[in-house]
Amino acid sequence: MPDLAGKAAIVTGCASGIGAAAVRRLAADGAQVLGTDIDAAGGQALCDAVGARFMVQDVADEARWEAVVAAAVEAFGRLDILVNNAGTVSSRSIGEVDMAAWSRVIGINLTGTMLGCRAAIAAMQGNPGGAKGSIVNIASTTAIAPLPTDVGYSASKAGVRALSKSIATWCAQQGWAIRCNTVIPGATDTGILSQAEKLTPGLKAAVAATSPMKRLADPAETAAAIAFLASDECPYMTGGEMLVDGGMMSLHPGF
């Protein structure tokens, strides 16, 4: 297990799914964690259970990012890790999408990730011992194999990939040991998929059948990749990607 003792982390979208698993894993590995979510009850309950701190946050709110990062630095004395996990779907094709749906999914998934990276980098520059840290952005296999039924989600997650690479190279060029990498989960057994299952019975089984491993990922499996990237085990890895997709993208032509 990666040793995260002494490190301070922020995890967005912590109330369920991959975000909740990431809070559990980082805390178990020794990090001090501040989890955030718009779901106050769910986020608080999860953080209380693992000894983490919690704040309500809409990641698309620029001012709220300043407050969250400031609270983490005040509580922990530093910021070493940011996990940009909060996200949403629009479930609309190009023929169905409207500006409200488009703006919401881009605002949360892409702009929210950018705002988090910007705020975290500023805080990491002030860490005792100099600028050092790890940013882990959560994308999706739809960034590689876009969904025709969700143009906003696909575009936003493709944007997260490019954003991460731009940030990684820029930080490296500044001479800062601030790394930025992307985790690309495949079909994962999260709350979003469970909600979709209620509308489309049998959806989980159908999605699982498309995986070479013939099952959905447990969020804890993605959290393990997050913990590795957050740790000091891979100091030369930045601008990279870790697929946690059961081999799905190995079947995608050209990837």
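Which residue forms a salt bridge with Asp-29, and how far apart are the closest N and O atoms? I started here, keeping in mind that this is a predicted model.

**Entry 1: salt bridges**

I found Arg-25 as the partner of Asp-29, with 3.0 Å between the closest N and O atoms. I then checked accessibility: Asp-29 comes out at 6%, so it counts as buried, the limit being under 20%. In the structure as a whole I have nine salt bridges to look through.

Next I looked up Arg-118, which pairs with Glu-62 at 2.6 Å between the closest N and O atoms. This pair links distant parts of the chain, as Arg-118 sits in helix H4 and Glu-62 in helix H3, 56 residues apart. I noted both ends as partly exposed: Arg-118 has a relative accessible area of 46%, and Glu-62 has 42%.

My last pair was Arg-161 with Glu-241, where the closest N and O atoms are 2.6 Å apart. Through shared partners, Arg-161, Lys-165 and Glu-241 join into one network. I wrote down Glu-241 as partly exposed, at 23% relative accessibility.

**Entry 2: the nonpolar cores**

Which residues have the most contacts inside the largest nonpolar core? They are Ile-10 and Ile-135, in a core of 29 residues. I listed the elements that give two or more residues to this core: strand E1 (8-12), helix H3 (62-76), H4, helix H5 (151-173) and strand E6 (177-185). H4 gives the most, with eight residues. I also found a second, separate core of 27 residues, with Ile-81, Ala-227, Leu-229 and Cys-234 among them.

I then followed Ile-135, which lies in strand E5 (residues 132-138). Its relative accessible area is 0%, so I call Ile-135 buried. Leaving aside neighbours within four places in sequence, its contacts include Leu-82, Cys-117, Ile-121, Met-124 and Ile-178.

**Entry 3: positive phi**

Most residues other than glycine have a negative phi, so I looked for exceptions. Ser-91 has a phi near 55°. I placed Ser-91 in the loop between strand E4 (81-84) and helix H4 (99-124), and noted it as exposed at 53% relative accessibility.

Lys-214 also has a positive phi, near 60°. Its place is the loop between helix H7 (203-209) and helix H8 (219-230). With a relative accessible area of 57%, Lys-214 is exposed.

Notes:
Residues are numbered from 1 along each chain as its sequence is written. This is a predicted model: local features need pLDDT of at least 70, side-chain atom pairs count only at pLDDT 80 or more; totals for chains, interfaces and linings use all residues. Side-chain values use heavy atoms; hydrogens and water are left out. Helices (H or I, at least four residues) and strands (E, at least two) are DSSP runs, numbered from the N terminus. Buried means under 20% relative accessible area, exposed over 50%, partly exposed in between (1.4 Å probe, protein chains only). A nonpolar core is a set of buried Ala, Val, Leu, Ile, Met, Phe, Trp, Tyr and Cys residues joined through side-chain atoms within 4.5 Å. Contact means heavy atoms within 4.5 Å. A salt bridge is a side-chain nitrogen of Lys or Arg within 4 Å of a carboxyl oxygen of Asp or Glu.
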